[in-house]
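Here is a briefing on one protein model. Look over the sequence and the structure first, then read the points below.

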Amino acid sequence: MDLWLQNESYDGPARGINNSYDECNTHNHAAYPSSSNCKYEDEIFLQHILKRIENHNQKDTSRPIFLFWAPHSVHTPLQIPKCFLDRYIDKVSDWRRARYLAMVNYIDTALKTIVEALEAKHMMENTLIVCTSDNGGPVYFGGMAGANNYPLRGGKTSNFQGGIRVNAWLGGGAIDVSRRGSVLKGLSTVWDWYATFANLAGVDDTVDHQAAVSGLPPIDSFNLWPWLSG
């Protein structure tokens, strides 16, 4: 299923939800949202994922489930539901850092909710969960973006390690017991997940033949599964 939810022919979960400035204002660093009518975007995505898991038919083994969620948190603008911001606002002096940490906590909590939903459906034993960032935390605008990559130098938009070296982890029952808790320090990239997921799905041909006919370079992706699985 292609989650192109704004297609006019598809009535997606965000259709008809318009956040007005008055309902969702964040001026003077006020808690967000200021109105119960304000819809937090990543909460909309989370609820859609939970619905997909709940409706998944495990008996139809020919249709395994694949979900890709690219949260718009943690990212500017630094906006977060008040209940999460309240956990940090009085403990962290810099309001930008407080919001950034609250956004990370929101994603942590969302992942916990997804795992619990998979466990409730008895799907965790054959599920692989991959969580990775696409770049280091943003430290530009004089620190206005809220991130901190210490002890690495630099951050997002730079080629220093703070910009290109990121956290990633795997979980779920698809990880062999002997590999759980392992720390891997080899080099990999986010675009390697294409070949890795294709391999796990039983797809041997990962060549973009249409691109090849047009003279474009081949896809640069390496199957990481033999390394990850030991």
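**Helix α1**

Helix α1 covers residues 41–55, and at 1.5 Å a residue its 15 residues should span 21 Å; the end C-alpha atoms are 22 Å apart, which agrees. The expected span is 1.5 Å times one less than the number of residues. Helices here are DSSP runs (H or I, at least four residues), numbered from the N terminus.

This is a predicted model, in which local features need pLDDT of at least 70 and side-chain atom pairs count only at pLDDT 80 or more, while totals for chains, interfaces and linings use all residues. Residues are numbered from 1 along each chain as its sequence is written, and side-chain values use heavy atoms, without hydrogens and water.

**Packing**

- Buried residues (under 20% relative accessible area, 1.4 Å probe, protein chains only) of α1 include Asp 42, Leu 46 and Ile 53.
- The buried residues of α1 pack against α3, residues 95–120.
- Trp 69 is in contact (heavy atoms within 4.5 Å) with Asp 42, Phe 45, Leu 46, Ile 49, Ala 110 and Ile 114, leaving aside neighbours within four places in sequence.

**Salt bridges**

- The whole structure has three salt bridges, each a side-chain nitrogen of Lys or Arg within 4 Å of a carboxyl oxygen of Asp or Glu.
- Lys 82 and Asp 86 form one of them, at 2.9 Å from N to O.
- Asp 94 pairs with Arg 96 at 2.5 Å, N to O; Arg 96 is buried, with a relative accessible area of 18%.
- Glu 116 and Lys 112 meet at 2.6 Å, N to O, and both lie in α3, four residues apart, about one turn of the helix.

Conventions
Helix = DSSP H or I, 4+ residues; strand = E, 2+ residues; numbered from the N terminus. Buried < 20%, exposed > 50% of the residue type's maximum accessible area, 1.4 Å probe, protein only.
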